[in-house]
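Please examine the sequence and the structure below before reading further. The paragraphs that follow lead from the pairing of strands to the packing of helices.

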Amino acid sequence: MDMQSGVWVSPRIEKLASLFLVAATLFVAFLAVQAAMDWWDSAPSVGNVITVDGEGRATAIPDIATISFTVTGEGKNATAAQEEATKKINVAVALLKNKAIEDKDIKTTSYNVSPKYSYPQPCYNAPCVYDEQRVVGYTVTQTTEVKVRKTGEVGDILTALGDAGISMLYGPNFTVEDPDGVMAEARKEAIEKARAKAEILADDLGVSIVRVVNFYENSGGYPVPYYSRDVAMGGAVAMEAKVAPEVPVGENEIVSRVSITYEIR
């Protein structure tokens, strides 16, 4: 009996509690050992693996062309410069809509208003007195990006924009709207090639493949565009001729490289 606490505890209960504590400790230890053994059995032994790689390629004809153009407005004040730029951009947007380009495919990517400063004339006879630098006007530039979903009409759109006075044209850049589908095709080929290598290697070694224990993919897309003479050399398009430039689409290639580690037995 515990006289200090005033609570009487039977020696039998004390013995049972001690036995229960020992049993609980042994049970927890057993579970820990069992979990470790299960992990050890499931993990491949060091050296009981082979690693192979594979490369797959898939190509697709681009179905979207991206064109960018910049308009510039100048004036003695910011408002006048903005009005001039707005007139030019409105003409361009109206032209694009007449070509069945939807609003969602016309996006402003840059809009800048910057002051123009006076610069003093060079002085060759001392003493030289320079006026303070002052604002003499403003310049507004607006860059717009356009997605053309009918790639066969790219040449006509470039010509129309040029005829409308838009001289700073860039592109086209051809892309695939759904690159994930092309990537899946390339990845599938890469995995099949890696698997074939693993089966040959396992046969040579006299072992069998059990399962995949590691997978790594390194992929990237490589566009293969072709440009006519008018859209080469920096991307600015010359529009003296009224004939629409030929703009071959070419094709885009997606490459997938995989590395797969297999457990063997």
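This is a predicted model: local features need pLDDT of at least 70, side-chain atom pairs count only at pLDDT 80 or more; totals for chains, interfaces and linings use all residues.

In strand 4, which residue is the bridge partner of Val71? The partner is Gln142.

Four strands form an open sheet in the order 3-4-2-5, and their pairing is antiparallel. At the edges stand strand 3, residues 106–117, and strand 5, residues 168–175, each of which pairs on one side only. On average, neighbouring strands of this sheet are turned by 15 degrees against each other, direction ignored.

Strand 4, which comprises residues 135–148, pairs with strand 3 in the antiparallel sense over 11 bridges. Within this region, Lys107 stands opposite Glu145 of strand 4. Strand 4 also pairs with strand 2 over 11 bridges, again in the antiparallel sense.

Is Thr139 buried or exposed? Its relative accessible area is 14%, and Thr139 is therefore buried, since the term applies to values under 20%. Leaving aside residues up to four places away in sequence, Thr139 touches Thr72, Gly73, Glu74, Asn112, Val113, Ser114 and Lys116.

We turn next to the helices that accompany the sheet. Helix 2, residues 78–98, lies across strand 2 (64–75), strand 3 and strand 4, and runs at about 150 degrees to strand 2. Helix 3, residues 154–163, packs on the sheet and touches strand 2, strand 4 and strand 5. The direction of helix 3 makes about 165 degrees with that of strand 5.

At the start of helix 2, a side-chain oxygen of Asn77 reaches to within 3.2 Å of the backbone nitrogen of Thr79.

Which residues of helix 2 are buried? They are Ala81, Ala85, Ile89, Ala92, Leu95 and Leu96. Seen down the helix axis, these buried residues fall within an arc of 115 degrees, and they therefore line one face of helix 2. Their cover includes strand 2, strand 3, strand 4 and helix 3. On the other side of helix 2, Lys87 and Asn98 are exposed.

Finally, the chain may be followed beyond this helix. Just after helix 2, Ala100 takes a positive phi of about 70 degrees. Asp103 is placed in the loop between helix 2 and strand 3. Because its relative accessibility is 54%, Asp103 counts as exposed, the threshold for that term being over 50%. How far apart are Asp103 and Lys147 in sequence and in space? They are 44 residues apart in sequence, while the distance between their C-alpha atoms is 10.0 Å.

Methods: Residues are numbered from 1 along each chain as its sequence is written. Side-chain values use heavy atoms; hydrogens and water are left out. Two strands pair if DSSP finds at least two bridges between them. Helices (H or I, at least four residues) and strands (E, at least two) are DSSP runs, numbered from the N terminus. Axes are lines fitted to C-alpha atoms, for helices over the stretch in contact, and angles run from 0 to 180 degrees between N-to-C directions. Contact means heavy atoms within 4.5 Å. Buried means under 20% relative accessible area, exposed over 50%, partly exposed in between (1.4 Å probe, protein chains only). The arc is that of the directions from the helix axis to the C-beta atoms. A polar contact is a pair of N or O atoms within 3.5 Å; within protein, one must be able to donate a hydrogen and the other to accept it, and residues adjacent in sequence count only if both atoms are side-chain atoms.
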